[in-house]
Amino acid sequence: MSKKEAAAAQSALDRILTLELARVTERAAVSAARLRGHGDEMAADQAAVDAMRRELNNLPIDGTVVIGEGERDEAPMLYIGENVGTKQGPRVDIALDPLEGTTICAKNLPNSLAVIAMAPEGGLLNAPDSYMEKIAIGPGYPAGIIDLDLPIAENLAAVAKAKGVKVHEVTACVLDRPRHARLIEEIRATGAAIRLIGDGDVAGVIHTTDPEETGIDLYAGIGGAPEGVLAAAALRCIGGQMQGRLVITRDEQVERAHRMGISDIKRKYQLEEMACGDVLFAATGVTDGNFLQGVRFGRHHITTHTVVMRSSTGTVRYIKAQHTQLEKFHLD
């Protein structure tokens with residue numbers, strides 16, 4: 001096969017994988033949705049993990065999980081470093097959260113998702129399971145108008161100026177946590193509005209990409225580092241700006257970061273440093289949310305709502321699928 005033919009085959013494979021990822025998140029979302037509102041976070045998460053792993057192993061890839069359910073001694077499946085796929089395909093990094101927002105699902109609240117991102121080997125930050133300070137906005141702004149090192153008031157003022165509105169017309173999304181008490185105070189002091197969310201900061205970051213629909217202009221605060229990488233992958237595809245910095249305070253966290261190849265734990269990561277190359281991203285709604293509907297169970301079919309994105313083409317596909325072969329959602 002010539003180099004030109006090989007490149008064409010790789011391109012076709014990538015296009016196929018873009019849609020195959022939808023099947024991965026659909027299976028995980030349906031499995032988790034069967035347990036939404038039942039109050040059992042662990043059972044819902046395990047159901048999503050089982051389904052996602054089975055589908056990943058059907059993909060024509062040689063994949064390594066770099067963001068997963070935890071380290072090998074903490075997670076029996078989809079652990080960091082686990083190899084997935086048929087091994088008959090490109091070598092890729094995979095970041096995943098089979099059930100983003102486990103508490104949300106258990107309580108049947110909005111914006112629980114099944115999420116996955118894929119990039120060429122080395123394309124996704126191998127972040128430890130720690131906290132990360134984040135700031136993010138959607139597309140359409142001048143480069144570099146947000147900065148983690150600036151006070152939140154200055155970031156909000158910059159966004160408002162770029163939008164051509166007053167600061168009180170800007171809305172920031174923040175996780176509702178005690179650690180954010182001062183941040184919330186500082187935001188309210190500017191006159192800006194706040195959307196507090198109980199969980200699911202991947203969705204929170206993605207919501208900045210469509211403020212007219214979601215009402216969210218900026219995301220700020222401290223959340224999970226793995227979720228930060230997933231959110232960065234989505235922004236690489238759909239557009240936007242993001243910065244992140246690991247929040248590491250314990251010696252064992254420092255050691256874990258070093259094992260993962262991170263020497264500077266205080267480094268401020270830009271979006272492209274968290275997700276680079278040709279990034280693929282997919283998410284399926286588990287519960288109803290601002291940009292994806294949750295799984296619907298009918299008597300004779302199941303309906304799913306999925307978004308699939310690819311950074312190299314900027315393509316964003318919304319797939320509303322009606323599944324009538326219900327046996328495909330049953331684990332063997």
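Leaving aside neighbours within four places in sequence, Ser130 is in contact with Gly223, Gly224, Ala225, Pro226, Leu246, Val247, Ile248 and Gln253 (contact means heavy atoms within 4.5 Å). This is a predicted model, so local features need pLDDT of at least 70 and side-chain atom pairs count only at pLDDT 80 or more, while totals for chains, interfaces and linings use all residues. Residues are numbered from 1 along each chain as its sequence is written, and side-chain values use heavy atoms, with hydrogens and water left out.

**Whole chain**

- The protein chain has 10 helices and 14 strands; these are DSSP runs numbered from the N terminus, with helices (H or I) of at least four residues and strands (E) of at least two.
- For 332 residues, a compact globule would have a radius of gyration near 20 Å, and the protein chain agrees with that at 19 Å (taken over C-alpha atoms; the globule rule is 2.2 Å times the number of residues to the power 0.38).
- Along the principal axes, the C-alpha atoms fill a box of roughly 55 × 50 × 40 Å.
- Of the 332 residues in the protein chain, 52% are buried (under 20% relative accessible area; exposed is over 50% and partly exposed in between, with a 1.4 Å probe and protein chains only).
- Take the contacts with a separation of 6 or more: 69% of them in the protein chain come from residues 24 or more positions apart.

**Back to Ser130**

- Ser130 sits in the loop between β4 (113-120) and β5 (131-137).

- Leu19 belongs to helix α1 (residues 3-33) and, at 39% relative accessibility, counts as partly exposed.
- Leu19 and Met309 are 290 residues apart in sequence, yet their C-alpha atoms are 9.2 Å apart in space.
- Over in helix α2 (residues 41-56) you'll find Glu55, which counts as buried at 10% relative accessibility.
- Again leaving aside neighbours within four places in sequence, Glu55 is in contact with Arg23, Val24 and Arg27.

**The α4/α5 pair**

- Helix α4 (residues 152-163) and helix α5 (residues 181-190) have axes that come within 9 Å and cross at roughly 45 degrees. That makes α4 oblique to α5.
- Axes here are lines fitted to C-alpha atoms, for helices over the stretch in contact, with angles from 0 to 180 degrees between N-to-C directions. Under 35 degrees is roughly parallel, over 145 roughly antiparallel, 65 to 115 roughly perpendicular, and the rest oblique.
- α4 passes α5 in a right-handed crossing (near helix turned clockwise from the far one by less than a right angle; anticlockwise is left-handed).
- On the α4 side, Ile152, Ala153 and Leu156 make the contact, meeting Leu183, Glu186, Ile187 and Thr190 of α5.
- By class, the contact of α4 with α5 has 5 nonpolar, 1 polar and 1 charged residues (Ala, Val, Leu, Ile, Met, Phe, Trp, Tyr, Cys and Pro are nonpolar; Asp, Glu, Lys and Arg charged; the others, Gly among them, polar).

**Positive phi in loops**

- Most residues other than glycine have a negative phi.
- Lys87, not a glycine, has a positive phi of about 70 degrees. Lys87 lies in the loop between β2 (83-84) and β3 (91-100) and is partly exposed at 39% relative accessibility.
- Asn108, also not a glycine, has a positive phi of about 55 degrees. The loop between α3 (102-107) and β4 holds Asn108, which is partly exposed at 43% relative accessibility.
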